[in-house]
Amino acid sequence: MSVDEVRDWLRERGADRIDHPGGSLYAHLCRVRERLAALGCDADVQLAGLTHAVYGTDGFDVALLDRTGRATLRDLVGDEAADLVYRYGACDRRRTWRGLATTGAVYDRFTGQVTTLRGEHLRSFVDLSVVNELDVVEQDPSVLDTHGAFFHDLFAAWAPAMSPPVASEVTRVFGSRRSGAAGQ
C-alpha cells in the first residue's frame, strides 16, 4: 500500500479525531513519518512511524486496532513495518528503556515476553522511539520542562544505537531548547 492509502486508513479509524500534542494523533503520526523520511530512514521504518500507535502505547492508551488484528496491519504496511509497530506498541517502557541500547531487550507489556533486538532492528526501534518523543517535545514544550532531564539522559544512553542523523536531530532539538527548559 502507498503512504496515502495508509493515511486514508488512519483517518477511517478516527486518528484525525483523537487529541494529541500538536493537534490530532493523525497529525502526529504524519509528522513522525515525515521526520523519519527526512532523516533517511528506510520505507519500512517510515511506515512504522506512520502507524506506530495503532495498538496504543505504554504512554498513549488509545488504540486504533486491537492487537489481535495484526494481520490487518501486516496487509497494510508489510511484515517488517508491522513487526516494528507491534514491538513499539507492546513495549513496557519502564522495564525496557533504561537498558535498551546495551541489552537490546524489549519487554512486551501485553504478554510479558522479552525480545532481544540487535543491529538494524535495534536501530530502527530506537530511531522510531526517539523521533516520536522529539515530536511530542516540539509540540508540547511543557513535556521538556517536566521530563527534559530524563530524555536527555535516556537519549545519551541510546546514542550508540541511534542512526547518526537521528543522533544529530536529538542534538539539534535539545540544544535549541536546553537553555529555556527547566530541569535540564
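A residue counts as exposed when its relative accessible area is over 50%, and as buried when that area is under 20%. In the predicted model described here, Thr102 has a relative accessibility of 69% and is therefore classed as exposed. Thr102 belongs to helix α7, which comprises residues 100-103. The C-alpha atom of Thr102 lies 8.4 Å from that of Ala161, although 59 residues separate the two along the chain.

Ala53 has a relative accessibility of 4%, which places Ala53 in the buried class because the value is under 20%. Ala53 is located in the loop that joins α3 (43-51) to α4 (70-77). When residues up to four places away in sequence are left aside, Ala53 is in contact with Leu25, Leu29 and Val62. Both Leu25 and Leu29 are listed among the buried residues of α2. A separation of 7.0 Å is found between the C-alpha atoms of Ala53 and Ala63, which are 10 residues apart along the chain.

Arg93, in helix α6 (residues 93-96), is likewise buried, since its relative accessible area is 16%. Apart from residues up to four places away in sequence, Arg93 touches Thr57, Asp58, Gly59, Tyr88, Asn132 and Glu133.

Helix α2 spans residues 25-38 and contains 14 residues. From its first C-alpha to its last, α2 reaches 20 Å, close to the 20 Å expected at 1.5 Å a residue. The buried residues of α2 are Leu25, Tyr26, His28, Leu29, Cys30, Val32, Arg33, Arg35 and Leu36. Just after α2, Gly40 adopts a positive phi of about 85 degrees.

The packing of helices was examined next. Two packed helices are described by the angle between their axes and the distance between the axes. The axes of α2 and α8 (residues 119-139) come within 10 Å of each other and cross at roughly 125 degrees. The crossing of α2 with α8 is right-handed. On the α2 side, the contact is formed by His28, Arg31, Val32, Arg35 and Leu36. The residues contributed by α8 are Asp127, Leu128, Val131, Asn132, Leu134, Asp135, Val136, Glu138 and Gln139. By class, the residues of this contact comprise 6 nonpolar, 3 polar and 5 charged.

A second pair is formed by α3 and helix α5 (residues 79-90), which pack at an angle of about 45 degrees with their axes 8 Å apart. This angle makes α3 oblique to α5. The crossing of α3 and α5 is right-handed. The contact involves Asp44, Val45, Leu47, Ala48 and Thr51 of α3, together with Glu80, Ala81, Leu84 and Val85 of α5. The residues in the contact of α3 with α5 divide into 6 nonpolar, 1 polar and 2 charged.

Technical notes. Residues numbered from 1 in each chain as written. Predicted model: local features only at pLDDT ≥ 70, side-chain atom pairs only at ≥ 80, totals over all residues. Heavy atoms only, no water. Helix = DSSP H or I, 4+ residues; strand = E, 2+ residues; numbered from the N terminus. Buried < 20%, exposed > 50% of the residue type's maximum accessible area, 1.4 Å probe, protein only. Contact = heavy atoms within 4.5 Å. Expected span 1.5 Å × (residues − 1). Axes fitted to C-alpha atoms, helices over the stretch in contact; angles between N-to-C directions. Left-handed = near helix turned anticlockwise from the far one by under 90°. Nonpolar A, V, L, I, M, F, W, Y, C, P; charged D, E, K, R; others polar. Parallel < 35°, antiparallel > 145°, perpendicular 65-115°, else oblique.
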